[in-house]
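Biologist: Thanks for sitting down with me. Could you walk me through this model?

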Amino acid sequence: MTSAMMIRSADGRQLDAEAVHWTDNAACRVPGTDPELFFPVSETGMAHRQVTQAKAVCGRCPVAEQCLEWAVRTGEPEGIWGGTTPGERRRLRRRRLRAA
C-alpha cells in the first residue's frame with residue numbers, strides 16, 4: 001500500500017497533495033508575478049489597489065475556480081484566492097452553510 005503525500009492546510013488539517021495539483025497552472029505562478037501582491041495588509045486605503053491588481057490576475061487565471069474552492073474548503077484566512085478576499089470567502093462559507 002502506498003501512502004499519499006499530505007500537506008497541511010492553513011487551519012492545520014491534512015490534505016492529499018494531489019488535490020492541489022491545479023496550482024501548477026495558476027496565473028499567480030507565472031514568472032515575474034510578485035507573490036506578495038496576493039497578500040495585502042488590508043482591503044482598504046492603499047492596499048485596495050493591490051487587492052484590485054491581484055483580483056485582475058485571478059480574473060485571467062485558468063484555475064481560479066479550483067483555487068477558490070480550495071480556499072473555501074480549507075478555510076484559508078489570508079490573501080487573495082480565486083479572486084476573493086478573506087471577507088468574501090467568509091461570506092461565501094456562511095451562505096453555503098445556510099444553504100446546506
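Biologist: Happy to start with pockets: what volume does the largest pocket have?
Modeller: This is a predicted model, where local features need pLDDT of at least 70 and side-chain atom pairs count only at 80 or more, while totals for chains, interfaces and linings use all residues. Residues are numbered from 1 along each chain as its sequence is written, and side-chain values use heavy atoms, with hydrogens and water left out. On a 1 Å grid over the protein atoms alone, a pocket is an open set of points where a 1.4 Å probe fits, with protein on both sides within 12 Å along at least five of seven lines. Taking the space filled by probe spheres set on the points, joined across faces, edges and corners, the largest pocket comes to about 270 Å³.

Biologist: Which residues lie nearest the centre of the largest pocket?
Modeller: Lining residues have an atom within 4 Å of a point. The lining has 19 residues, and those nearest the centre are Cys28, Phe38, Cys67, Ile80 and Trp81.

Biologist: At what angle do helix 2 and helix 3 pack?
Modeller: Helices are DSSP runs (H or I, at least four residues), numbered from the N terminus. Axes are lines fitted to C-alpha atoms over the stretch in contact, and angles run from 0 to 180 degrees between N-to-C directions. Roughly perpendicular covers 65 to 115 degrees, and helix 2 and helix 3 are therefore roughly perpendicular. Their axes are 10 Å apart, and the angle is about 75°.

Biologist: Which residues does arginine 93 touch, beyond four places away in sequence?
Modeller: Arginine 93 sits in helix 3. Contact means heavy atoms within 4.5 Å, and the partners are Ala71, Val72 and Gly75.

Methods: Helices (H or I, at least four residues) and strands (E, at least two) are DSSP runs, numbered from the N terminus. Angles under 35 degrees count as roughly parallel, over 145 as roughly antiparallel, 65 to 115 as roughly perpendicular and the rest as oblique.
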